Every structure is written in structure tokens, then in C-alpha cells.
Amino acid sequence: MSKDLNQKIYVAGHRGMVGSAIVRNLQTKGFSNILTRTHSELDLTNQAAVEAFFQTEKPDQVYLAAAKVGGIHANNTFPAQFIYDNLMVQNNVIHQAFTHGVKKLLFLGSSCIYPKLAPQPMGEDALLTGKLEPTNEPYAVAKIAGIKVCESYNRQYGQTHGIDYRSVMPTNLYGPGDNYHPENSHVIPALIRRFHEAKIANAPEVMIWGTGTPRREFLYVDDMAAASVFVMELDKTTYDSQTERMQSHINVGFGSDVTINELAYAVAKATGYQGNICFDPSKPDGAPRKWMSSERLNKLGWTAKIDLASGLTAAYQDFLGHN
Ligand SMILES: NC(=O)c1ccc[n+]([C@@H]2O[C@H](COP(=O)([O-])OP(=O)(O)OC[C@H]3O[C@@H](n4cnc5c(N)ncnc54)[C@H](OP(=O)(O)O)[C@@H]3O)[C@@H](O)[C@H]2O)c1
């Protein structure tokens, strides 16, 4: 076994949708020394506890996939918790990683860091060019801070301490480990539940909110994990060739988007629902398009592998395993 496969890799948030996919990916690649802690074992908002953890464990690498995550309702209702928890988690993990000699760290953000009216597709250079979507602004500000903390540590300590902290910004994700809550879930898990329940009930039609015309981009979570490990493992010269010192984050998208109409028919097919699909244009549509540019990542040599139909079939199997 090579020395690299024995590195001690801490995956923060390993029980979450993305963290668990990163663990799966690392295990498949043969990494055998993966370090994890559940939320109840280690509260990452607790500075002293995080310091003690790094002091004891001294990992070689960190994937920072722990975050307080939620939908529009949760973000609107608990804005203080969203900004406080996320700033604390990322500050504690990044600073203690640095203090305890971690050379490589990957911070996970989100496409909500980009301005509400950013030109489409959204490139990395759209960051800090306009006002954010108000509903999740506190969360987005924390994520922007995370990118800037990584960049600032690289700028101040990169040369002297040999650290290289990177950031990836995924588009909408779906797949195993998703949240299928009836009221509180993202569009794909919500549609999977609705079409599944309609199939079981032999319902003649499923009504979808809005016109069906908005376009959205979706990436299967195992692709996201693969992209995360790919970016972490890139050599510094290659990574630097597509990033800038003060614009160092990398988008991770599928590469193309679909209309909500197309998505609804794809989910119906994956779940085996054969009734009608209707749209209610009196309900709000949201932004007409949200699509990330993945040009930087493509130029670095990575593209998504799992198409929507295969991803939805696998996601539906995951749903069935939990319901
Ligand atoms: N899912 C998406 O569509 C999506 C899209 C773009 C970006 N992302 C990004 O990917 C990252 C991970 O998201 P996810 O979807 O995997 O979220 P998730 O399923 O909610 O997982 C987050 C994990 O972090 C843990 N955690 C939260 N606060 C913690 C704390 N104070 N101490 C220790 N652990 C804590 C959670 O544990 P508990 O559940 O026990 O609290 C959970 O296991 C986030 O940065 C998110 O912004 C996700």
C-alpha cells in the first residue's frame, strides 16, 4: 500500500449526504485511515473541543463537509443559527487544522454564494459582484467567509507553512443520504416522495407548482464526492493554473441544466409513476435559471459521470431503502 493511502484523513460531517459520499469515494480508492466524529461526539462549534480533537488526532488532510444546512423555511426562521454555527464550525476547523499542521484542506460551499442576479452560467468571478438572495444571505455570507478564510491562510502561511487550503462550490445535489421530508426537502427528493406516493395510491395526476419552465442544474452526490477528491488531489501547479490567489474557489456542476418539466417526467419515470403530470402556473416559479459554469473544473480534467436518469434511479432505490 502506498504511503498516500495511509494518510489520516478527517472527513467532518461524515454522516451527512456529501460527507458520507466522500467517505465512500475515499474507501473505494483504498484510503484506509479515515477519521470521523459524529456531531454528538464532537460539536464543531466548540472551539476547545475542536482544538483538543486536532491536538490528539493530528490528521494529515481535512474534508470540511460539516455545516448547518437547511431549506428556505429553516434559513428564514433561524438566520442567527445559520450564520453563527457555520462561521464557528468552519473557523474552528480551518484554524485548528492550520495550528496542528494540516497541509491540505477542502472547504465545501454552495452556489448560493453568488449574487441573486448573477449572469448565467455563474462563473467563479461572479463572487462578490452583487446582492445575495435575501432568504439565505446569512448562510451564504458564512460560506463566502469560509472561502476567504482558506484564501487568507494560504496567502499568509502558504509559503512559510506549506499549506494549501481549497474550496469547492457544488450546484444542487441529490442522491443517497438526501432529506426526503414531505415539507422540508429540496426539489428532487420532494418529487421522488410525491411520485412514489402517487404511484402507491394509483393517483391519476400529480400537480407541480409553477409553470415547469425554470431551469435548474443537478449533480449526483457521488459525482460531487469524486470531484472533491479530484480537487484535493490535484498538484498545486495544476490547481493554481485555473485559480487566482483571491479567487481560488472552484464550481462543481453537472455541466447542463433541465427544466422543471423535464425533471418531473424524469422522476416519474424513475419511480414508475404512469399517471398525468400537471403544472399550476398560479404558483411562484422562482428564478428562471440557476446554472453554474464548470469551465474551470473541466479544464482541470474533471466532468460529471452520472447522468440524471441513472442518478434518479439510484436515488429512488435509496428512498425505498428508508421508507
Ligand atoms: N445537499 C446539497 O444539495 C448541497 C448543495 C450545495 C452545497 N452543499 C454543501 O455541502 C456541505 C454538506 O452538505 P450536506 O447536504 O451533506 O448536509 P447534511 O446532510 O446536513 O450534512 C451535514 C453534516 O454536518 C454535521 N454538522 C452540522 N453541524 C455540526 C456541528 N456543529 N458539529 C458537528 N457536526 C455538525 C451534521 O450532523 P447533524 O445532522 O448531526 O447535525 C451532518 O452530518 C455543506 O457545506 C453544504 O453547503 C450541499
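Is the crossing of H1 and H7 left-handed or right-handed? I looked it up, and the crossing of H1 and H7 is right-handed. (A crossing is left-handed if the near helix is turned anticlockwise from the far one by less than a right angle, and right-handed if clockwise.)

Before going on, a note on what I'm looking at: this is a predicted model, where local features need pLDDT of at least 70, side-chain atom pairs count only at pLDDT 80 or more, and totals for chains, interfaces and linings use all residues. Residues are numbered from 1 along each chain as its sequence is written, and side-chain values use heavy atoms, with hydrogens and water left out.

**Helix entry.** I checked the geometry: H1 (residues 17-28) and H7 (residues 221-233) pack at about 65 degrees, with axes 8 Å apart. Axes are lines fitted to C-alpha atoms, for helices over the stretch in contact, and angles run from 0 to 180 degrees between N-to-C directions. Helices (H or I, at least four residues) and strands (E, at least two) are DSSP runs, numbered from the N terminus. On the H1 side, the contact (heavy atoms within 4.5 Å) includes Val18, Ala21 and Ile22; on the H7 side I noted Val221, Met224 and Ala225 among them.

**Ring entry.** How many aromatic pairs does the structure hold? I get 11. Rings of Phe, Tyr and Trp (its six-membered ring) pair if their centres lie within 6.5 Å; planes under 30 degrees apart count as stacked, over 60 as edge-to-face and the rest as tilted. I picked Tyr174 and Tyr220, whose centres are 5.5 Å apart with planes at 70 degrees, so this pair is edge-to-face. Tyr174 sits in strand E6 (residues 172-174) and Tyr220 in strand E9 (residues 218-220), so the pair ties together parts 46 residues apart in sequence. Tyr174 is buried at 1% relative accessibility, and Tyr220 is buried at 8%. (Buried means under 20% relative accessible area, exposed over 50%, partly exposed in between; 1.4 Å probe, protein chains only.)

Next I looked up Tyr180 and Phe319, an edge-to-face pair with 5.1 Å centre to centre and 70 degrees between planes. Tyr180 is in the loop between E6 and helix H6 (187-200), Phe319 is in helix H11 (residues 308-322), and the two are 139 residues apart. Phe319 is buried at 0%.

**Charge entry.** I found Arg166 over the face of Tyr239, 4.1 Å from the ring centre. Lys283 lies over the face of Trp209, at 5.2 Å. (The test is NZ of Lys or CZ of Arg within 6 Å of the ring centre and within 35 degrees of the ring normal.)
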